[in-house]
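Thanks for making time for this.

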Amino acid sequence: METENPKIPTFPLRPAVTPFHAPQSTPPFLSSGPVVGPEASPFRPAPYASSQFPSAPFSSSPLVGSVAPPFRPGPPGGSNEPVRPYGPPSARFQNPTFSSAGQVGSVPAGPPPTRPNFQPPPPQMGPSYATARGTFEPAFPGYANGQSNSVAQGGYGPTPFLAQQRGYAPGPPITTPSSLYSGSPMQHHGIAPPTANSQGLAEDFSSLSLGSAPGSFDVGLDAAILPRPLDGDAEPKSFPEMYTMNCSSRFLRLTTNGIPNSQSLSSRWHLPLGAVVCPLAESPAGEKVPIVNFSTTGIVRCKKCRTYVNPFVTFTDNGRNWRCNMCSLLNDVSGEYFAPVDASGRRVDLDQRPELLKGNVEFIAPAEYMVRPPMPPLYFFLIDVSICAVKSGMLEVMAQTIKSCLDSLPGSTRTQIGFITYDSTIHFYNMKSSLMQPQMMVVSDLDDVFVPLPDDLLVNLSESRNVVEAFLDSLPSMFQDNMNVESAFGPALKAAFTVMSPLGGKLLVFQNTLPSFGVGRLRLRGDDTRVYGTDKEHTLRVPEDPFYKQMAADLSKNQIAVNIYAFSDKYTDIASLGTLAKYTGGQVYYYPSFQSSIHGDKLRHELTRDLTRETAWESVLRIRCSKGLRFTSYHGHFMLRSTDLLALPALDCDKAYGAQFCLDETLLTTQIAYFQVALLYTSSSGERRIRVHTAAAPVVADLGEMYRLADNGAIVSLLSRLAIERSLSYKLEDARNAVQLMIIKALREYRNLYTVQHRLTGRMVYPESLKFLPLYGLAICKSKPLRGGYGDALLDERCAAGCTMMALPVKKMLKLLYPDLVRVDESLVKISPQTDESDKKKIPLTVESLDTRGLYIFDDGFRFVLWFGGSISPDIGRNLLGEDFTSDYSKVSLSLRDNEMSRKLMKILNKFRESDSSYFQLCHLVRQGEQPRESFFLLTNLVDDKNSGSNSYADWISQLHRQVQQNA
């Protein structure tokens, strides 16, 4: 997800403009707060005109449309500005109380019962480490910066706030990098929001005292007690118990498990109303989706809405008819499927019918579900062999990895394989089984590419195994002296399409340079800082040449999925290349500045998984829902073939999709709503199958119930997709503001439910189910696709991160947004029996969590960052890194050494990797104070701190609270 080149210039950001500007509130993502009184500057950011938000903050359509016109960028510009994630210790504040309230019943009628207020326990005192923080210049004339992070002293406990903030005074200047750390891990006081009341319709919410005073910007808030998802994804617990026959949440998660019963109620739910589906999610060991073969009976479906038979249908007339749970139509039961029912309406053969017992099931599809014979698994490799690919070692690593995977490719004897290489010319390879060595044919006419011997370019792997292995062995040496720097990617892509189009399959593209020859050639763009902040900014993040979108449509139509592996250390235009993956159900893997000695393991692991994971070929996906509901938009990597049919040429367990639905009718008359995901695909074994996931959810008439049954993970996952899609049509600032506005509206609506009880201005009210939503909203705005502006992320890096996030399942998305930070030095030096050290307690993502004597692992699911404190024991550094522990860490790599401490650390890292094998986490070493490496890899990714021109978590909460109070 991150570039491997930390030497990125940073540029000062323009003032952010917010569509919900108030006279005394800070604009989003700025560290400054307003000054009240005669000294305040008359200059303020202008609010948006009301016409700029005529509809919902997000609107998206995955249909292929027109391409934004290209423009000519100017030269790069801007000035460097160091990253300062720390604020001044200007004042100390009193610890606020953290109280909770709960309301029983659907309509609040009086003050809710409250829990006693708690005071945080006194901190544990330890050795003191001096701390200094840098000052920030105000973002606007007359504005002063506000900083909420406390300055902790003592080895293992934070210093409590001592007094209420009354003003702002700059702190001392930064002295040395090592003095930026408090040396004390942040403690979580023993206070938590209330748990849900399981009796009746209990309303869960918590309140947080902010201590604000009218007319002042006061961030007198103890950041330590703010809620953080340190235990990972918390799924709703009561919902699975309510509907035990629902499909697993691995496959389908609704943003709220309480479906609104009316359009008016739906309009008050300001968060996304939809679902996140991962049709082929991996099941835990021992769990398998049951396979059902109806053989001569035919698959049982509703005649009207085409819903598949599922556990929620009901049988009537002694089993002769069944009623569809979606549309209520009464269907006849065929003689082959008939079974009598008992007095309770239960079929006597129910225990032998998995489709009537489980929400997850897979049907063997008969011949009428095929428009052609099932295709074989097909892998075609389109390989850039220009000088960059050879010198970086990419070619050698790729060839070795493909060869090692030949025995593990799905499909056994049915698997097909083929290769094309290219630089300024295109090279075809005849791999007919009768040959001893492959024959190379070179085509230099790029305007009208001729494909020689089309029948022998794509061969059966088992028959031509020797020829394929000979080709892979000779490939690196074949081009070792190649000095060609050009790339005829467009013509090579068309040639690969010609070869693959009769069958379809998976096309793996290995691209090292910007396409420069023939059709589809691209130009350098995106370096003009003047474009950022203007209406043309989004054009940098969409394809420049319509060739790529048209090719994506043709590839999808012919059941070809494209995975892009991009390696260049220079601009490659991922915005254009990624379009091929976006509309064909593919994926983008980004390895900037690839060097085989550093990144080889990552490429080996991810290419191996791409080749060997189970794949659904030539598949289509449809989501059905109860009468009165309708899915309106879909978000992810696919081509929308009709209004509700997603074309997915190749689908695997690592891809998920978002969808939004609405109410078609003014009022729903049913008590339960149903959702069914159906995936029709060809398995690698050659069977046509239908995987079906069915779930039920209650229809509610109370907004409080919708909040109580909300699924934070699904909301965040869908909200991230909507924000990324919005950045493709609007400015980054607009996308961030839309996220903020949606959260503010939701919290304001929830607050209005309890207006009588919570009129105090210093109290923020939020539902227990969404206590992490504000933090995840901040994390979305700080994520690589949306953060800052020109100087905060390279354009290719930003586009590649956006492509990756659009396809992530819920748990992977949440970990990327709020990564894990754990301390490991204590366990490494501890002499104890074998324990699972990978389950160590996670700590908040703030610099105050970092002890200068500690060793920490930062894990976002895509990379590890090992942070070595400036005062760490030399024995630890020597045992882990050898004599290199005092060297420049950019030139040091972590490897297994012959000592117990090194073995323990490698075991911990491997345990983290095994928990999710979809990506490989490379390990980056960072020493405290080593700039710009420390800032790039760690400090700018500490979500709780002020960085990249954006707010800290405490400032963000204060800002949300002020906006929620308006018109509440």
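I will begin with the aromatic rings and then turn to charges over rings and to helices.

Please keep in mind that this is a predicted model, in which local features need pLDDT of at least 70 and side-chain atom pairs count only at pLDDT 80 or more, while totals for chains, interfaces and linings use all residues. Residues are numbered from 1 along each chain as its sequence is written, and side-chain values use heavy atoms, with hydrogens and water left out.

Rings of Phe, Tyr and Trp (its six-membered ring) are taken as a pair if their centres lie within 6.5 Å, with planes under 30 degrees apart counted as stacked, over 60 as edge-to-face and the rest as tilted. By this rule there are 32 aromatic pairs. One of them is the tilted pair of Tyr 429 and Phe 471, at 4.6 Å centre to centre with 55° between the planes. This pair links distant parts of the chain, since Tyr 429 is in strand β15 (residues 426-430) and Phe 471 is in helix α6 (residues 465-478), 42 residues apart; helices (H or I, at least four residues) and strands (E, at least two) are DSSP runs, numbered from the N terminus. Tyr 429 counts as buried because its relative accessibility is 1%, where buried means under 20% relative accessible area, exposed over 50% and partly exposed in between, with a 1.4 Å probe and protein chains only. Phe 471 is buried too, at 0%.

Phe 510 and Phe 567, by contrast, form a stacked pair, 6.4 Å centre to centre and 15° between the planes. Phe 510 lies in strand β18 (residues 505-511) and Phe 567 in the loop between β19 (560-566) and α9 (574-582), so the pair ties together parts that are 57 residues apart in sequence. Both of these residues, Phe 510 and Phe 567, are buried. Ring pairs join both couples into a cluster, whose members include Tyr 429, Phe 471, Phe 510, Phe 567, Phe 862 and Tyr 919.

Now to charges, where NZ of Lys or CZ of Arg must be within 6 Å of the ring centre and within 35 degrees of the ring normal. The charged end of Arg 347 sits over the ring of Tyr 337, 4.5 Å from its centre, and that of Arg 927 sits over the ring of Tyr 889, 4.0 Å from its centre.

Finally, helix α14 (residues 773-782) is mostly covered, with 10 of its 10 residues buried. These buried residues pack against α12 (712-727), α13 (732-752), α16 (810-817) and α21 (953-965), contact meaning heavy atoms within 4.5 Å.
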